[in-house]
Amino acid sequence: MKTISFSYRLGLSTVYQIIIEVCYAIIEIVMLEVMPVPTEQKWKEIASEFWTCWDFPNCFGAIDGKHVTIQAPPNSGSQYFCYKKTFSIVLLALVDAHYNFIAVDMESFGKNSDGGIMAHSKLGKALDQNKLNSVLPRVPLYI
């Protein structure tokens, strides 16, 4: 970020504030257009594509998490410290059969387990409470 602030002759805190505001604008304005909550029909299409492309019946997405290395926030202790001996946050993503993002969650500390990350994410809670317009039968989320 120092390089950006020097390039435009702006203070570091000004560049930081600009980046934060742009990210929030992207989330609020573009997110629903780029990644809308799938309808019941869309879930059926996704499940059908998993069946035809990958021979996975009754599958409505592939989910995975990725540790994104960060600089440790001040006074964060070991919350962000992961098993890779680095500080990280976890990017959790759900994709369709063609690797298009359906949902993304990036709120988890690096120290959390995969099951804990899924269960406490907005995606996991929405799945557990059947709030995703899913056509699949409601089953408890056990990880």
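What pattern of helices and strands does the protein chain follow when it is read along the sequence? The order is α-α-α-β-β-β-α-α, made up of five helices and three strands, where helices (H or I, at least four residues) and strands (E, at least two) are DSSP runs numbered from the N terminus. The model is a predicted one, in which local features need pLDDT of at least 70 and side-chain atom pairs count only at pLDDT 80 or more, while totals for chains, interfaces and linings use all residues. Residues are numbered from 1 along each chain as its sequence is written, and side-chain values use heavy atoms, with hydrogens and water left out.

Of the 143 residues of the protein chain, 27% count as buried; here buried means under 20% relative accessible area, exposed means over 50%, and partly exposed lies in between (1.4 Å probe, protein chains only).

**Aromatic pairs**

Rings of Phe, Tyr and Trp (its six-membered ring) pair if their centres lie within 6.5 Å, and planes under 30 degrees apart count as stacked, over 60 as edge-to-face and the rest as tilted. By this rule the count comes to three aromatic pairs, and the table gives two of them.

| Pair | Centre to centre | Angle between planes | Class |
|---|---|---|---|
| W43 and F60 | 4.8 Å | 85° | edge-to-face |
| W54 and Y99 | 6.2 Å | 65° | edge-to-face |

The pair of W43 and F60 links distant parts of the chain, since W43 belongs to helix α3 (residues 40-54) and F60 to the loop between α3 and β1 (62-69), 17 residues apart. W43 counts as buried because its relative accessibility is 2%, and F60 is buried as well, with a relative accessible area of 18%.

W54 is partly exposed, at a relative accessible area of 40%, whereas Y99 counts as exposed, at 59% relative accessibility.

**Backbone angles**

Most residues other than glycine have a negative phi. Y99, however, has a phi near 65°, a positive value in a residue other than glycine. N58 likewise has a positive phi, near 55°; N58 lies in the loop between α3 and β1 and is exposed, with a relative accessible area of 66%.

In helix α3 lies E45, which counts as partly exposed at 36% relative accessibility. The C-alpha atoms of E45 and D96 are separated by 9.6 Å, although these residues are 51 residues apart along the chain.
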